[in-house]
Amino acid sequence: MKRRISMLGVAMALALTPCVAGVGAGQGELGFDLGFTDFDSEVSRDDGGRATFRGGYFFTDLFELEGELAASGVNDDAGVDIALTTLTVNAVLNFRAGDNVVLYALGGFGTARLTYDFGPFSIDDDGAAWQLAVGSRFFFGSAKRVAVRVELSFLTENTFDESSNHASLTGGFTWRLGRGR
C-alpha cells in the first residue's frame, strides 16, 4: 500500500510540474495514468486499482520507445492484499487522427512481481511479462503540448509457475518534452 501511495504522489507531483513540450521525431514524453485492473480469476476474483508512470522517446513521428512502471492492487474478499508491479519496455506506433488526436498501439516486454500479503505473512514471485495495448491521446491548449490519455491494455505475466492474464483500463495525462513542431 505504501508503494502505491508513493507512486500516486510522484504522479501528482508531475501533474503540477510545468513542462516544455513538443510533438514528433526527436521529442520525449512523460505521463501517468490511473484506472483499474480486471485481475485473472486465478489471482483474484476482484478488480483493483492501477497507477502507471511512463516516459518515452520518439525516434520518428510514427515510432516511439517507452518505459512503463505500473502497479495494480486489491484487498480481496478474503482480506488478502494483492499487488502486481510491472516494468516494461514498449514499442509504440502512433497514428494521427486529426490535429488534436493521436491513436496508438503498443507491445511490450518486461518483468512482473506478484505479491500476496495476508496478516504477518507475505509471499511474492518475479517473472516475465508482456503486454498489448491500444489507446488515444487527446491534445488540448493552444500549443497542444498536454494530452488526456485513455488506454485499454492486456498483460500476461508468468509468476508462481502460472501464466495469468489481466486487462486494464486507464486514463491520465501526457506531456510532450522538447521543442515545438
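Which strand holds Phe140? Phe140 lies in strand 6.

This is a predicted model, in which local features need pLDDT of at least 70, side-chain atom pairs count only at pLDDT 80 or more, and totals for chains, interfaces and linings use all residues. Residues are numbered from 1 along each chain as its sequence is written, and side-chain values use heavy atoms, with hydrogens and water left out.

View 1. Eight strands form a closed barrel in the order 1-2-3-4-5-6-7-8, with antiparallel pairing. From one strand to the next, the twist averages 25°. Strands are DSSP runs (E, at least two residues), numbered from the N terminus. Two strands pair if DSSP finds at least two bridges between them. Angles run from 0 to 180 degrees between N-to-C directions, with axes fitted to C-alpha atoms.

View 2. Strand 2 (residues 47-58) and strand 3 (residues 63-75) are antiparallel, with 10 bridges. Arg50 has Ser72 in strand 3 as its bridge partner. Four residues separate strand 2 and strand 3 in their hairpin. Strand 3 also pairs with strand 4 (residues 81-96), antiparallel, over 13 bridges. Here Ala70 is opposite Thr86. Five residues lie between the strands of this hairpin, and Gly79 has a positive phi near 85°.

**View 3. Strands 5 and 6.** Antiparallel strand 5 (residues 101-118) and strand 6 are joined by 18 bridges. Gly107 sits opposite Leu132 in strand 6.

**View 4. Phe140.** The Phe140 side chain is partly exposed because its relative accessible area is 41%, between the limits for buried (under 20%) and exposed (over 50%), with a 1.4 Å probe and protein chains only.
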